[in-house]
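Please read them with the structure open.

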Amino acid sequence: MATTHSIKRGVSLYSFQEEYFLHKMTLEDIIATCAKLDIPGIEIIGDQMIPEYPNISDAFVKQWHGWMDKYGRTPVCLDMFLDWNKYKGRVMTDDERIESVKKDIENAHKLGCTVIRVIHDVEPDILERLAPTAEKHNVKLALEIHAPSYFDSPLEQRLVEMFRRVQSPSLCFTLDMGVFTKIQPRVASDRLLREGLKPEIVSYLIDAYNTGTLPSTHELGRRNDALPAKILEMGGREQDIFWAMMATHGVYSDPKLLREYVPFVKHIHGKFYEMLPEGREYSIPYDDIIPILIEGGYDGYIDSEYEGNRWIQDAFVVDSPAQVKQHQAMLKRLLGEA
Amino acid sequence: MYDKYLIVTEAFKNIEQDGEVTGYQLGLRLPYYRGVVLSLVGATELTVDGERVPTEAMTVTLRGRTFPFMSFEDEPVAKWEFGDIGIVTVAKPGGLMPGEHNIEVRQHMKISYVPGGFWGGDTKALTVAG
């Protein structure tokens, strides 16, 4: 394993959403927690924790930088959405989409973020048109590769072709580590049992996911009809279909493809569902993936992104800081900081 | 997600105007991980004791501003912030009888990257003080 690298650690504040939602922690409390947990980089979802986003007040911008100074953290990434269906009875025009993302670029610049996590429904030609604005503000537009997509999916291939043609330093990918979900998260299968799915259906889903034999039509934006049929055939209820789809939304993609595509990756979401006491993630083999990122010369941030909260919140008190702390300890170990 | 938190127990009560009970209120959160403009908040199906509440009778108050549920489609700027408890007011002369009521909410979210959007839901038994 190569030992020298310039990969940096960060956290998406998405990880602390449960505490924020329930008003147990304010944004400042969360940033203070990041300092306490020794996490240098900060990623924020505008719509989640910035009031009236995308219309950020000057007072917020001042406060944000004040917190970054006070707690010694570095702003890294702003996560955007393109709500192209928000106008009554029509979808946004291309020009409106451009204006919407331009505002995100300006907002990222104001917040000191150098990366924008771009949602996958921003079309490649829109991204291409935005490259000059992004370059001007020194912001990278990093479209997120998220399960069930991967580098070899149709949209991602169109983007790779465009990145190669345009050669803009601002056009790139965010990679969500959920694409390496090797086995079904245990927090998901446990939840299915609590939702009343028959144990034999839950066992089937675990086994079929882990062996890559799910009847699936994984295609972005298209409904998977094969799995619902199977659930009903096994005596499942209509509502079980939703849970079965949710629990099997991950994918395990071939890490070897990273060798070719790492140069296009400028940001990483360190997705995780459940940290185990021995310092690994239950379903995502970080020990296998991080060395490939190091060898490939990845030099951006890996931001912890805790998503176990939604699976356990029905029955347990979520402790996001504890989970993030363990995920960061794992990153430190794998990055040679421990 | 967040389903069990949608109906907020503490905010449930009858409301009066000029000495008359004109309806009732309950607190409501959205089943989503970010704040959205109101035009992306889909149908709010509120059922009380098995009876569906007409949407025309419902308003929500968010950070001091009140919006009829019927006008959400016309609000592409005003936001329902993440974790905010909207105070839903239902116009119903006489309000609800003192005692326990079964409250059910099904909430649709029109999120563009999820084909067809998605639903959240919550059911709680709440009590109107006598």
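1. How many residues of domain 1 of chain A are in contact with domain 2 of chain A, and with how many residues there? The model is a predicted one, and in it 13 residues of domain 1 touch seven residues of domain 2. On the domain 1 side of this boundary, the classes are eight nonpolar, three polar and two charged residues. The domain assignment places 8-181 + 250-334 of chain A in domain 1 and 186-247 in domain 2. Between the C-alpha centres of the two domains of chain A there are 28 Å.

2. The largest nonpolar core holds 118 residues. Those with the most contacts inside this core are A:Leu13, A:Leu78, A:Cys113, A:Ile116, A:Leu141, A:Ala142 and A:Leu143. Helix H13 (residues 286-295) of chain A supplies the largest share, which is five residues. Domain 1 and domain 2 of chain A both contribute residues, so the core lies between them.

3. Apart from its neighbours within four places in sequence, A:Leu13 is in contact with A:Ile30, A:Ile42, A:Glu43, A:Ile44, A:Ile45 and A:Met49.

4. Strand E8 (residues 301-306) of chain A deserves a look. Six of its six residues are buried, so the strand is largely enclosed by the rest of the structure. From E8(A), A:Tyr301, A:Asp303 and A:Glu305 point one way, and A:Ile302, A:Ser304 and A:Tyr306 point the other way.

5. The pairing of E8(A) involves two strands of chain A, taken in turn here. Strand E1 (residues 8-12) of chain A pairs with E8(A) in the parallel sense over four bridges; A:Arg9 has A:Ile302 as its bridge partner in E8(A). Strand E7 (residues 265-272) of chain A also runs parallel to E8(A), and six bridges join them. There, A:Lys271 has A:Glu305 as its bridge partner.

6. One runs from A:Tyr53 to A:Pro54, with omega near 10°, and A:Pro54 sits in the loop between helix H3 (46-49) and H4 of chain A. Another joins A:Ala147 and A:Pro148, with omega about 10°. A:Pro148 belongs to the loop between strand E5 (140-145) and helix H7 (154-166) of chain A.

7. The loop between H3 and H4 of chain A also contains A:Glu52. Phi of A:Glu52 is near 60°, a positive value in a residue other than glycine. Is A:Glu52 buried or partly exposed? With 16 C-beta neighbours inside 10 Å, A:Glu52 counts as partly exposed.

8. Further along, helix H4 (residues 58-71) of chain A includes A:Gln63. A:Gln63 counts as partly exposed, with 13 C-beta neighbours inside 10 Å. The C-alpha atom of A:Gln63 is 9.4 Å from that of A:Glu28, although the two residues are 35 residues apart along the chain.

9. Turning to chain B, five of its strands form an open sheet in the order E1-E2-E9-E6-E7, with antiparallel pairing. Strand E1 (7-17) and strand E7 (65-68) of chain B are at the edges with a single partner strand each, so one side of each has no neighbour in the sheet. From one strand to the next, the twist averages 25°.

10. Within that sheet, strand E2 (residues 20-28) and strand E9 (residues 86-91) of chain B pair in the antiparallel sense over six bridges. B:Tyr24 stands opposite B:Val90 in E9(B).

11. B:Tyr2 lies in the segment before E1 of chain B. Its phi is positive, about 65°, although B:Tyr2 is not a glycine. B:Tyr2 counts as buried, with 23 C-beta neighbours inside 10 Å.

12. Last, the interface between the chains. On it, 21 residues of chain B are in contact with 23 residues of chain A.

Definitions and conventions: Residues numbered from 1 in each chain as written. Chains lettered and ligands numbered in written order. Predicted model: local features only at pLDDT ≥ 70, side-chain atom pairs only at ≥ 80, totals over all residues. Core = buried A, V, L, I, M, F, W, Y, C linked by C-beta atoms within 7 Å. Buried ≥ 20, exposed ≤ 12 C-beta atoms within 10 Å, placed from the backbone. Domains from an automatic or database assignment. Contact = placed C-beta atoms within 7 Å. Nonpolar A, V, L, I, M, F, W, Y, C, P; charged D, E, K, R; others polar. Pairing = 2+ DSSP bridges. Axes fitted to C-alpha atoms, helices over the stretch in contact; angles between N-to-C directions.
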